Amino acid sequence: MLEVSGLIKRFGGFPAVSNVSFRVGQGEILGLIGPNGSGKSTIFNLLSGTLTPTAGSIRFLGHEIGGLPPYRIINQGIGRTFQIPRPFKRLTIFENVALAGYYGQGQPSRSKAFEAAERALSMVGLPTDRRSEIGGLGAAGLKKLELAKALATQPKLLLADESLGGLDETEMDQAADMLRRIRAELGITIIWVEHIMGVLMRVVDRVMVLDHGELIAEGLPTDVVGDPRVIEVYLGSDAGAVQAAAAERQ
Amino acid sequence: MTRVVPARPMNRVLPARLMNRTLPCVVGAVLIALPFVYHAPYPLHLMIVVLIWSFAYTSWSVMGRFGLVSLGHGGFMGVGAYGTALLWNYFHLTPWLGVPASMAVAVVLALIVGYPCSRFRITGHYFALVTLALSAIVLQVATASRDITGGSLGYTPERVQGVAGVLAFQFSDKMTWYFVALGVWAVGLLIRWRVDHSMMAYALEAIAEDEDAAGAAGVNVTAEKLKVTALSAAMTAFAGAMYCQYQMFISPDTVSGISVSLQMVFAAVVGGIYVLPGPTVGAIITILLAEGLRIFFGTGALGWDNLVYGTLLVVFIIFLPQGLVGAAWNKLTGGRQAA
């Protein structure tokens, strides 16, 4: 579905992403992990068009999309959420999502956009009425809104950026279930960037590990956590927990 | 799927039906009937001027209300006024064609300024400053091309009499002008209402808050900004043409330049940029203020109105940013800001 090859992004002389290649298959949930500054968000920004690649190719459903502006990439079927939720505070919850439903689908009829918004809102469990304001949402609610905005664009591939930061245990599990349901019910392929590796490892089919802009490991969660280089990167911090989570999965 | 009417905050408040249906009908009826009952020349003249400027201020607010604060609109107004008059005098091009041509020129100018601003993310104060240059340039060109435009002495479209007046868009009768201006003003309000209630309004609100997030929602940020900018510029050029045809005299200072741009911002802010009648109320206030100063202080008060505008602008931005109509609306509807 998505084929990335030789992707490079430099900021000045600094290589944020160096020669990264990977594929994502239809219906997969791919986890993308790595320490802070390892290039996860840069890759997302390249995939979603917020940044232009320095070199390399990004092919989505057979079309080259590297360097296209964000709105065109969204119209081709890649939706994204932001690491820190970015709601439009002057609009209501419904308007936020309806906007994404309208523009994200290439400006169909208003009623089609509103329907997409209603579906997305009920999928994530937010009120579908027209009046509810952003102000009433907590951290979990804002994450849900972010997800609803992405879903309303009717993506084929969803880029979920650290969608669990700032949530408690229960909320995290709910959010992880949500991603599973999104794939199961809507057939959406997902790339999930996440700091909290325990939860991630339980959900993803495959995981890629980035460090200093390079792909250092890739494979099944159980295999990756045993990789010495991954352990080195996460040494002392998450390694134990990750292994436990991967074991629990089995 | 219930109503497919978008819910801008203005529509959500309780007396919305009264305010949105009944009030415009009553006001419209009164305005149509008014000149038949009362048509002393001076008040009628004032009403026409107020209507034309109301249209101009409303045109500014079409984009201004989304945080696109342009100080270039004096330039668009000048292009509309001078373009129409010059095409008529030099090429005998009827304003029926000259006005659209001038509006097209204004749109081209708007795009020339707007596109780089959007590409290079020039927003907020910097956007205001860049557009300010446009006002200054049009003023300079109109003043400096003395042989063509008459420079600072002003310019007059050639007059024609009788039936040919229709072709020249010249009407000697104030009643006719009143209804022309009333129609133009009403269409201006309608356009702004349509924009405010379109999906584009959501997109522009989103862009005003966070361009990247708007882009991630699928909005083509540059296209949406340019669309509303072009619309606003075209409307403002039309206002300039109307002013020229009505007054039959234009000078660089009255239809272009920074002071005209500032006057637009002032009037719109005082009336309230988020509410439909805001710019109109702003026009009533600014014009009555200017006329009042002129009558009571004569030529001694020349330019005082700008001083008062400036002072009031600061006061309003600090203490009443939603403007008079906006504040009144909030009072009436229990504090829900119509933004």
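Strand β8 (residues 189-193) of chain A has 5 of its 5 residues buried, so this strand is largely enclosed by the rest of the structure. The model described here is predicted.

- Strand β3 (residues 29-33) of chain A pairs with β8(A) in the parallel sense over 4 bridges. Within this pairing, A:Val193 of β8(A) has A:Leu32 opposite.
- β7(A) also runs parallel to β8(A), and 5 bridges join the two strands. Here A:Thr189 of β8(A) has A:Leu157 opposite.

**The open sheet of chain A**

- Chain A contains an open sheet of 4 strands in the order β2-β1-β4-β5, and the pairing is antiparallel.
- The edges are formed by β2 (14-24) and β5 (63-64) of chain A; each has a single partner strand, so one side of each is left without a neighbour in the sheet.
- Strand β4 (residues 55-60) of chain A and β5(A) run antiparallel and are joined by 2 bridges. A:Phe60 has A:His63 in β5(A) as its bridge partner.
- Helix α1 (residues 40-48) of chain A lies across β1 (2-11), β2 and β4 of chain A, and α1(A) runs at about 65° to β2(A).

**The two domains of chain A**

- The domain assignment divides chain A into domain 1 (1-61 + 156-250) and domain 2 (84-155).
- The C-alpha centres of domain 1 of chain A and domain 2 of chain A are 25 Å apart. Their contact involves 10 residues from domain 1 of chain A and 7 residues from domain 2 of chain A.
- On the side of domain 1 of chain A that touches domain 2 of chain A, β7 (157-161) and α6 (169-186) of chain A each supply at least two residues. The most come from α6(A), which gives 3 residues.
- That side of domain 1 of chain A comprises 6 nonpolar, 2 polar and 2 charged residues.

**Helix α10 of chain B**

- Of the 11 residues of α10(B), 9 are buried, so this helix is largely enclosed by the rest of the structure. Among them are B:Met199, B:Tyr202, B:Leu204, B:Glu205 and B:Ile207.
- The buried residues of α10(B) pack against elements of both chains: α3 (93-103) and α4 (110-124) of chain A, together with α9 (174-196), α11 and α12 (221-247) of chain B.

**Residue B:Ser152**

- B:Ser152 is located in the loop between α7 (146-149) and α8 (164-167) of chain B.
- With 13 other C-beta atoms within 10 Å, B:Ser152 is partly exposed.
- Leaving aside residues up to four places away in sequence, B:Ser152 touches B:Thr143, B:Ser251 and B:Pro252.
- B:Ser152 and B:Ser251 are 99 residues apart along the chain, and their C-alpha atoms are separated by 6.1 Å.

Terms used:
Residues numbered from 1 in each chain as written. Chains lettered and ligands numbered in written order. Predicted model: local features only at pLDDT ≥ 70, side-chain atom pairs only at ≥ 80, totals over all residues. Domains from an automatic or database assignment. Contact = placed C-beta atoms within 7 Å. Nonpolar A, V, L, I, M, F, W, Y, C, P; charged D, E, K, R; others polar. Pairing = 2+ DSSP bridges. Axes fitted to C-alpha atoms, helices over the stretch in contact; angles between N-to-C directions. Buried ≥ 20, exposed ≤ 12 C-beta atoms within 10 Å, placed from the backbone.
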